[in-house]
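Please read it with the structure open.

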Amino acid sequence: MNLEGKRALVTGASKGLGAAVAQRLAAAGSDVAIHYHSDREGADATAAAVRAEGREPLLLQADMAEPGAVAMMADQLAQAWGSLDLLVNNAGVAPVHSWDSITPAEWQKTLAVNLHGPFFALRFTLPLLRKAGEGAAVVNIGSVVSLNGGSFGPAYAAAKAGLDGLTRSAARDLGPLGIRVNSVLPGPIDSPLVSALPAAALQAMAAQTPLRRIGTFGEVADLVAWLLSPAAGYINGQMIIIDGGRVMH
Ligand SMILES: NC(=O)c1ccc[n+]([C@@H]2O[C@H](COP(=O)([O-])OP(=O)(O)OC[C@H]3O[C@@H](n4cnc5c(N)ncnc54)[C@H](OP(=O)(O)O)[C@@H]3O)[C@@H](O)[C@H]2O)c1
């Protein structure tokens, strides 16, 4: 996997999957803009990991639910780099909101971060991706809940299903510009987000998985890096599932 000379923006890179992706892209030779929302300490740790791979980090703060903040982040990126080769829309929230308890405000917040945020990021960095030209690529981090529903309730599943539609639309419209757009749909990953679920739900997840375990951030980060690389140069508009075989289609 070779991303030498590329410049990537990874949203939600202060911790979790985003931090693993940022490090993996740096290991493959890319400079990385590390976006964070509230966890500056986490973002600094990711920056140190990128530097340890010999690549240059750039720290950017924004609330992905706020279009003005995302536009400002794209402006900062334009001033610092002038163009962008790779975008990973990873920032997300997965609160458990059941059908009976969810409020309109909770519904809107979940949609705002998980669906509107990736749209704003792509919309406002598009001029920069256009400048990068051939070889530019976007990966949206979805979830298998967009296909099957899941334990987090209707808002998270609807947001991630909307993200699948955004990926397909972007892939069709931006393909002619040389910009590939795909989604990675992880099943449960060993993470604080999943550990917050009830123990019975966690046991059921492993038992229902043909590989009998949940995944790791490293496994998902490897897939994201590969999808962004020239090795995946003819893959566009796809939802790639990584879940140990729970969902097959
Ligand atoms: N963990 C799983 O099992 C799993 C499975 C399938 C899909 N996914 C998806 O993978 C992605 C990452 O998940 P994770 O487990 O790594 O989550 P995580 O550890 O909770 O990290 C979430 C990241 O999103 C950022 N974020 C949250 N709200 C934000 C906002 N309003 N504006 C901007 N950034 C915001 C956080 O920034 P700060 O920390 O700086 O506030 C953090 O960097 C998400 O899209 C999630 O839906 C995860």
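1. Start with helix α4, residues 104-132. This is a predicted model. α4 has 29 residues, and 40 Å separate its first C-alpha from its last. That is close to the 42 Å expected at 1.5 Å a residue.

2. Where is the kink in α4? Look at L126, where α4 has a kink of about 55°.

3. G133 follows α4. The phi of G133 is positive, near 70°.

4. α4 has a partner in helix α6, residues 154-174. The two axes come within 9 Å and cross at roughly 15°. That angle makes α4 roughly parallel to α6, since angles under 35 degrees count as roughly parallel. The crossing of α4 with α6 is right-handed.

5. Which residues of α4 meet α6? On the α4 side they are E106, W107, T110, L111, N114, L115, P118, F119 and L122. On the α6 side they are A155, Y156, A159, K160, G162, L163, L166 and A170. By class, this contact has twelve nonpolar, three polar and two charged residues.

6. Turn to helix α1, residues 16-27, and helix α2, residues 40-52. The axes of α1 and α2 come within 9 Å and cross at roughly 20°. α1 and α2 are therefore roughly parallel to each other. Their crossing is right-handed.

7. In the contact of α1 with α2, α1 supplies A19, A22, Q23 and A26. These meet G42, T46, A49 and V50 in α2. The residues divide into five nonpolar, three polar and no charged.

8. α1 also packs with helix α9, residues 217-228. Here the angle is about 50°, and the axes lie 9 Å apart. Are α1 and α9 roughly parallel or oblique to each other? They are oblique. The crossing of α1 and α9 is right-handed.

9. Check the residues in this contact too. From α1 come G16, L17, A20, V21, R24 and L25. From α9 come F217, G218, V220, A221, D222, V224 and A225. The contact of α1 with α9 has nine nonpolar, two polar and two charged residues.

Conventions. Residues are numbered from 1 along each chain as its sequence is written. This is a predicted model: local features need pLDDT of at least 70, side-chain atom pairs count only at pLDDT 80 or more; totals for chains, interfaces and linings use all residues. Axes are lines fitted to C-alpha atoms, for helices over the stretch in contact, and angles run from 0 to 180 degrees between N-to-C directions. Helices (H or I, at least four residues) and strands (E, at least two) are DSSP runs, numbered from the N terminus. Angles under 35 degrees count as roughly parallel, over 145 as roughly antiparallel, 65 to 115 as roughly perpendicular and the rest as oblique. A crossing is left-handed if the near helix is turned anticlockwise from the far one by less than a right angle, and right-handed if clockwise. Two residues are in contact if their C-beta atoms, placed from the backbone, lie within 7 Å. Ala, Val, Leu, Ile, Met, Phe, Trp, Tyr, Cys and Pro count as nonpolar, Asp, Glu, Lys and Arg as charged, and the others, Gly among them, as polar. The expected span of a helix is 1.5 Å times one less than its number of residues. The bend at a residue is the angle between axes fitted to the seven residues ending there and the seven starting there.
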